[in-house]
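I'd like to walk you through one model, so let me put it on the screen.

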Amino acid sequence: MSRKTKIYIRTTLAFTILFTILASVILGGIWLGIKMFGGDGLSDDMQKAYVNALLCGVDKDGYRTDVLIFAQMNLIDNTINMVQIPRDTYVSINHVDKKINSAYGYNKEDQLFKEVEYILDGVEVDKYVLVNFKGFRELVDAIGGVEFEVPADLQYNDPYQDLNIDLKKGLQTLNGKKAEQLVRFRQTNDHTDIQTLLGMSREELQQKFIYTAIDQLISLKNVMRIPKLASIVTENASTNFTTSEIIKHGTSALKIGFDNINIMTLPGVNSYQYNGWYYICDTIKTKQMVEEFFTPDREEISKEEIEIRDELIGNDSENIEITEDVVHEEKFSNRFLTVDIVDGSKGTVDMDALTQEIEQYGYNVKKVDSCNVQYSKSIVIAKKDDGSGSKIADAIGLSQFKINPKKGNGTKVTVIAGSDLAKTFKK
């Protein structure tokens, strides 16, 4: 393997991890900033339901984007989906070498946006972050390092790559330099490969580190570090997010759990075509991916729905599947299981019938309200996992519920009745 190839591989890896973390900072901060600062200048009643950003890593000359990640924050289901676009992806709409990593040098972000939108079946790019390499170590250091369980002693020396890895087994806080050693490790000095040594691939170890870093980054302890993180982004990046925007959107908290972050690769294959090696996009699979992960059901989200999410559902609520049979018995203690119902069906559900279905077991429905937001699927939210959520969800025919310890409305369980209950509880 040539020195140039080795440098590309380790640079790509570091950029990928850096961008995954940056996406959590910037896109996650936008969602929380919207509720904190009233939509950042958007309409009082409705605002865009998602944010699209292109995260780009440039080579040392600043002409080629050796890493491209398209990231979308969905404000309705509170998720971040990302797709990495290989640097050698073939594009037929522009410059001489037909590789997407040349687009930025050809006509800056305008050309890059055009080509990414073409590859991703028309998905529009709103924002971008163009980052240089040294931000990886600085970002890890800025969040106080990453506490990580190193699975074994890792030693490897390669003067040709200027690589010196020396990590001890065990739980420890990795600074930027040590974190880089971890994610670059692939074999020992005696050429024992990582799969043999650890029982996992290099990619699996990297994934563990990425998600651990994200989980720590978005914890409350890093709220006060948002200004420093924003400074790193702006010092090492060209972006149409301003420093004040990043601070503004991120200061309240970053609560997008890593379970809600999905990282993918553009479907396709490497192939020798057009007198060179290219990554050929699978247009059919890409279209399916875009439809599944990057096409929100709605274009806008209302402030009322955001308030309902914050008050009842929560930003970091946990889905609980009902895996055991629930027994409903009429007994005196059932009256202490208090319930409130929010009609989110636009009046298509018979709320009296729904109330009666819950009360027939002795559960105490305290109040029934309505809202102007229409939900296609019903949601049951319990304040804690004490069996109350599973009882109410099962009583109305649902298979799961959510846990939100900060749930408002003064009851143990809230039912948001969506349009899916209209068949069961007809008017």
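Before I point at anything, one cut-off: I call a residue buried when its relative accessible area is under 20%, and exposed when that is over 50%. Please also keep in mind that this is a predicted model.

Let's start with helix 11, which spans residues 351-359. Which residues of this helix are buried? They are Met351, Leu354, Thr355 and Ile358. These residues cover an arc of only 100° around the axis, so they sit on the same side of helix 11. Now turn to the face pointing away from that buried side: there you find Asp352 and Gln356, both exposed. And what do the buried residues of helix 11 pack against? Their partners are strand 16, strand 17 (364-370), helix 12 and strand 20.

In soluble globular proteins, nonpolar side chains tend to be buried together. Here, the largest nonpolar core has 27 residues, and the members touching the most other members are Val339, Leu354, Ile358, Val380 and Ile392. Several elements each supply at least two residues of this core: strand 16, helix 11, strand 18 (379-382), helix 12 (388-395), strand 19 (400-403) and strand 20 (413-417). If you click on isoleucine 392 and ignore residues up to four places away in sequence, you'll see that it touches Leu337, Val339, Ile358, Tyr363, Val380, Val413 and Val415. Apart from this core lies another one, of 26 residues, with Leu54, Val116, Ile119 and Val125 among them.

Next, the aromatics. A pair of aromatic rings is described by the distance of the centres and the angle of the planes. How many aromatic pairs does the model have? The count is seven. One of them joins phenylalanine 148 and phenylalanine 209, edge-to-face, at 5.9 Å centre to centre and with 65° between the planes. This pair links distant parts of the chain, as phenylalanine 148 is in strand 6 (residues 146-150) and phenylalanine 209 is in helix 6 (residues 202-217), 61 residues apart. Phenylalanine 148 counts as buried because its relative accessible area is 5%, and phenylalanine 209 counts as buried because its value is 0%.

Tyrosine 272 and tryptophan 277 make another edge-to-face pair, with 5.6 Å between centres and 70° between planes. Are these two buried or exposed? Both tyrosine 272 and tryptophan 277 are exposed. While we're on rings, have a look at tyrosine 278: the charged end of lysine 99 sits over its ring, 5.4 Å from the centre.

Histidine 191 is not a glycine, yet its phi is positive, near 70°. You'll find histidine 191 in the loop between helix 4 (176-184) and helix 5 (194-198), and it counts as exposed because its relative accessibility is 59%. Lysine 346 also has a positive phi, about 60°, without being a glycine. Its place is the loop between strand 16 (338-343) and helix 11, which brings us back to the helix I opened with.

Last stop, the cysteines. How many disulfides are there? The count is zero. Cysteine 281 is classed as buried because its relative accessibility is 18%, and cysteine 371 because its relative accessible area is 10%.

Conventions: Residues are numbered from 1 along each chain as its sequence is written. This is a predicted model: local features need pLDDT of at least 70, side-chain atom pairs count only at pLDDT 80 or more; totals for chains, interfaces and linings use all residues. Side-chain values use heavy atoms; hydrogens and water are left out. A disulfide is a pair of cysteine sulfur atoms within 2.5 Å. Buried means under 20% relative accessible area, exposed over 50%, partly exposed in between (1.4 Å probe, protein chains only). Helices (H or I, at least four residues) and strands (E, at least two) are DSSP runs, numbered from the N terminus. Rings of Phe, Tyr and Trp (its six-membered ring) pair if their centres lie within 6.5 Å; planes under 30 degrees apart count as stacked, over 60 as edge-to-face and the rest as tilted. A charge sits over a ring if NZ of Lys or CZ of Arg is within 6 Å of the ring centre and within 35 degrees of the ring normal. A nonpolar core is a set of buried Ala, Val, Leu, Ile, Met, Phe, Trp, Tyr and Cys residues joined through side-chain atoms within 4.5 Å. Contact means heavy atoms within 4.5 Å. The arc is that of the directions from the helix axis to the C-beta atoms.
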